Amino acid sequence: MADTIPKIKMNASRANLQPINYSNSRHSQIMLQAITDIIAILSGYSLFFFIRFESGLFKTLVKPGFDEYAFGALFFMIFWLSLFFFNGLYKNWYERSPFDEIWAVAKVTLIGCAILVFAVLYDSQSSPRKLFVIYAFIISFAVIFGRTITRNIEKKLRRERKLIIPAIIIGTSKRALEFYKKTEESTSWGFKTIGIILIDNNDYIINQSKPEFDNLLLGSINDLELILNEYKPEEIIIASDTKEHEVLLNIVNISSEKNLRVKIETDLYDIFTGQAKTQNLYGIPLIEISTQLLKPWQEILKRIFDVAFSSLVIILGMPIWALVALIIKIDSKGPFFYTQPRVG
């Protein structure tokens with residue numbers, strides 16, 4: 001579609017504007033979550049330390065000093081922050097159900113406590129199961145409580161427009177304008193619309209002079225990469241009547257290459273089924289999609305595992321492969337490597 005229609009210049013009222021300087025909401029959210037988690041981890045560790053060594057509920061032959069306490073606090077802070085990061089707990093949880101976040105935190109803390117149990121059992125013959133149960137409860141409660149406070153803080157900041165997500169709406173004129181009005185009314189969603197890009201060039205020509213689109217239209221779909229480079233949004237919202245599969249997927253692919261989050265209206269879900277990872281959003285009539293089915297660190301780990309495991313199988317199985325090759329050569333005249341041309 002983009003190749004068959006002549007390229008059109010951006011709206012003159014917007015083309016010469018400098019990119020808008022928005023605060024990076026994603027980094028602000030991550031920072032807020034991390035600070036809350038650090039407070040929760042240190043508070044939970046301090047409470048556990050008091051129960052274990054100061055309360056008199058458990059016998060102890062050695063009472064740790066401040067140095068041991070500080071080392072333990074630092075270790076647990078690094079341990080839990082790393083575990084949370086690698087399990088994807090630092091993302092925009094505000095847009096998802098609080099129950100999803102609670103369940104995710106509970107699972108990760110359970111995994112973390114299991115790791116600690118095995119580490120202690122490996123290094124010691126003692127098995128303080130009660131202490132681990134107490135610590136698991138304390139750390140889970142502390143982190144979930146902190147995350148709940150963070151969620152409420154984010155909600156308040158979004159309503160006051162102090163924490164915003166700069167977004168560009170891409171779609172047909174009617175649907176894009178409707179969704180823009182919704183974002184202006186629903187400030188708690190946190191979206192701050194930079195402007196609108198229309199998928200159809202004719203639609204863009206017809207609407208660029210209409211008053212309802214005044215200072216909103218950034219250009220047509222042919223200018224997509226140019227507009228994204230200039231305005232640097234954090235999210236792309238697709239609100240469209242069109243069902244043109246190739247055009248919509250191209251928008252998602254370009255956005256993904258620029259590390260932009262993409263959200264679609266629910267009636268476009270069937271277009272992306274099986275080709276992108278989807279995530280329902282809590283309280284917002286959108287679905288988040290991503291062409292990256294694995295997180296970057298998951299791709300790295302998978303590649304390391306693939307190479308290491310295949311190399312191990314080849315090396316350890318070398319005597320077997322040699323024997324099989326010899327048997328094949330004795331049994332038949334052809335080569336022991338089977339080859340076959342393939343097309344596709």
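Reply: The secondary structure of the chain comes to twelve helices and seven strands, where helices (H or I, at least four residues) and strands (E, at least two) are DSSP runs numbered from the N terminus. This is a predicted model, in which local features need pLDDT of at least 70 and side-chain atom pairs count only at pLDDT 80 or more, while totals for chains, interfaces and linings use all residues. Residues are numbered from 1 along each chain as its sequence is written, and side-chain values use heavy atoms, with hydrogens and water left out.

Of the 344 residues of the chain, 40% count as buried, a term that means under 20% relative accessible area, with exposed over 50% and partly exposed in between (1.4 Å probe, protein chains only). Among the contacts in the chain with a separation of 6 or more, 72% are between residues 24 or more positions apart, a contact being heavy atoms within 4.5 Å.

Turning to the rings, those of Phe, Tyr and Trp (its six-membered ring) pair if their centres lie within 6.5 Å, and planes under 30 degrees apart count as stacked, over 60 as edge-to-face and the rest as tilted. By this rule the count comes to 18 aromatic pairs. In one of them, the ring centres of Phe141 and Phe145 are 6.0 Å apart and the planes lie at 15 degrees, so this pair is stacked. Both residues belong to helix H5 (residues 129–159), where they sit four residues apart, about one turn of the helix. An α-helix has 3.6 residues a turn, so residues three or four places apart point the same way. Phe141 is exposed, with a relative accessible area of 52%, whereas Phe145, at 48%, is partly exposed.

Elsewhere, ring pairs link Tyr45, Phe48, Phe49, Phe53, Phe66, Tyr69, Phe75, Phe76, Phe79, Trp80, Phe84 and Tyr135 into a cluster. Helix H3 (residues 66–86) has 21 residues, which at 1.5 Å a residue should span 30 Å, and its end C-alpha atoms are 30 Å apart, which agrees; the expected span is 1.5 Å times one less than the number of residues. The buried residues of H3 are Gly72, Ala73, Phe76, Met77, Phe79, Trp80, Leu83 and Phe84, and of these the cluster includes Phe76, Phe79, Trp80 and Phe84. Just after H3, Gly88 takes a positive phi of about 75 degrees.
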